[in-house]
Amino acid sequence: MADRISENLQEKISARLRFYQDIGIDLFYRNRTASAPSLGDLPASDIETATSDSISVVEYSGTVETVVVAETSVKESSASEGTLPRTPRKPVLPSVPALHVPAAPKVVLPAAKSSLFDATEKNSGDSLLMIRDDIGDCTRCKLHKARNKIVFADGNPKAKLVFVGEGPGRDEDMQGLPFVGRAGKLLTQMIEAMGLQRQDVYICNVVKCRPPENRLPEPDEIKTCSPFLFRQLDVVDPQVIVALGACAAQTLLQTTRGISHFRGQWQEFRGRKLMATYHPAYLLRNPPAKADVWKDLQMVMAELGLEMKRGAKSTTAVKTS
Ligand code: SF4
């Protein structure tokens, strides 16, 4: 039985276990060996290594929610005589610091900035310079592809009277100024017939880039570009707006009705008086319509307190260029 432990050694081990019992750690070894073969059944060569067991070790990672219990294998090596076993480490929970719930970070919303495309509200901090700066080298709609120059506006930025056309033509696209072609010359005559100079009024368009072949601006182009116009009108804040042609009138009044339905009648645009009348380009093609336009402009003059220019009572006051 050379491979079996001797009775002498068994006796020593038993004495050791009694010692463990005396000092109160016998349960550890008893439980540990519960499923293990008895010492008497073990080969002597195995006594030194014996079995392994697990001790629960609690690790504390700093937050209550993350207490982790890990199993650490501990090699038993003290079964040999004269060597005290290591005292099993009892799981020791560290004192749990008082839960500190940090205050929710204060959410600071960026200062509300009116969108270029949400011009439904008046932007009191706006300026014509800012609007032009926002337009920049605009590519927001397809009209940018064929344009030569963006046509922003012309005239007095503090004018009481604003004329709004639909969009630049060829001459305007070349010069970067609104109403400088044939229709523009006629508009200038109309302004002068009212007793004003061109530089007394503010002139702009619904779209800032020339539509190809002078076609009408399309709905998506108007929708994209018109917020710039609305901002311009809010900044200039005129007493009266004259919408020249159906496109300008329908855009400002948000209607699809034909201009003949409301031409010659006061309308309102954001608290300001709006008069819709025919576009000068239409008058070039249809001169008799100038009589209607002159009537409309006389209403505007009355509203602005402008005196009738001598000799301007007839419908020929607005001459064809
Ligand atoms: Fe931009 Fe207006 Fe010109 Fe379109 S028409 S590219 S939105 S500036």
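Which residues come nearest to the ligand? Of the 14 residues around it, they are Cys138, Cys141, His144, Cys209 and Cys225, where a residue is near a molecule or strand if its C-beta atom, placed from the backbone, lies within 6 Å of it.

1. Basis of the model. The structure is a predicted model, in which local features need pLDDT of at least 70 and side-chain atom pairs count only at pLDDT 80 or more, while totals for chains, interfaces and linings use all residues. Residues are numbered from 1 along each chain as its sequence is written.

2. Confidence. The protein chain averages a pLDDT (the predictor's confidence in each residue, from 0 to 100) of 76, and 62% of the residues score at least 70. Over residues 104-121 the pLDDT is below 50, and beyond near neighbours in sequence this stretch has eight contacts in the model; two residues are in contact if their C-beta atoms, placed from the backbone, lie within 7 Å. Residues 314-321 also have pLDDT below 50, with 20 contacts in the model beyond near neighbours in sequence.

3. Overall content. The secondary structure of the protein chain comes to 10 helices and eight strands, taken as DSSP runs numbered from the N terminus (helices H or I, at least four residues; strands E, at least two). Buried residues make up 29% of the 321 residues in the protein chain; a residue is buried if 20 or more other C-beta atoms lie within 10 Å of its own, exposed if 12 or fewer, and partly exposed in between, with C-beta atoms placed from the backbone. Among contacts between residues at least 6 apart in sequence, 70% join residues at least 24 apart.

4. Six strands form an open sheet with mixed pairing, in the order 3-5-4-6-8-7, two strands being paired if DSSP finds at least two bridges between them. Strand 3 (153-155) and strand 7 (266-269) stand at the edges with a single partner strand each, so one side of each is left without a neighbour in the sheet. From one strand to the next the twist averages 25°, with axes as lines fitted to C-alpha atoms, for helices over the stretch in contact, and angles running from 0 to 180 degrees between N-to-C directions.

5. Strand 5 and its partners. Strand 5 (residues 202-205) pairs with strand 4 (residues 161-165) in the parallel sense over four bridges, and with strand 3 in the antiparallel sense over three bridges.

6. Helix 8. Helix 8 (residues 246-253) packs on the sheet, touching strand 4, strand 6 (240-244), strand 7 and strand 8 (272-277), and its direction makes about 130° with that of strand 6. This helix is mostly covered, with seven of its eight residues buried, namely Ala246, Cys247, Ala248, Ala249, Gln250, Thr251 and Leu252. These buried residues pack against strand 4, helix 7, strand 6, strand 7 and strand 8. Gln254, whose phi is positive, near 55°, follows helix 8.

7. Helix 7 (residues 219-236) gives the largest share of the shell around the ligand, three residues. By class, the shell has eight nonpolar, three polar and three charged residues, where Ala, Val, Leu, Ile, Met, Phe, Trp, Tyr, Cys and Pro count as nonpolar, Asp, Glu, Lys and Arg as charged, and the others, Gly among them, as polar.

8. Glu172 lies in helix 5 (residues 170-175) and counts as buried because it has 25 C-beta neighbours inside 10 Å. Leaving aside neighbours within four places in sequence, Glu172 is in contact with Val151, Leu177, Pro178, Phe179, Val180, Gly181 and Arg210.

9. Positive phi values to check. Most residues other than glycine have a negative phi. In the loop between strand 5 and helix 7, Glu213 has a positive phi of about 55°, and Asn214, in the loop between strand 5 and helix 7, has one of about 60°. Glu213 is exposed, with 7 other C-beta atoms within 10 Å, whereas Asn214 counts as partly exposed, with 14 C-beta neighbours inside 10 Å.
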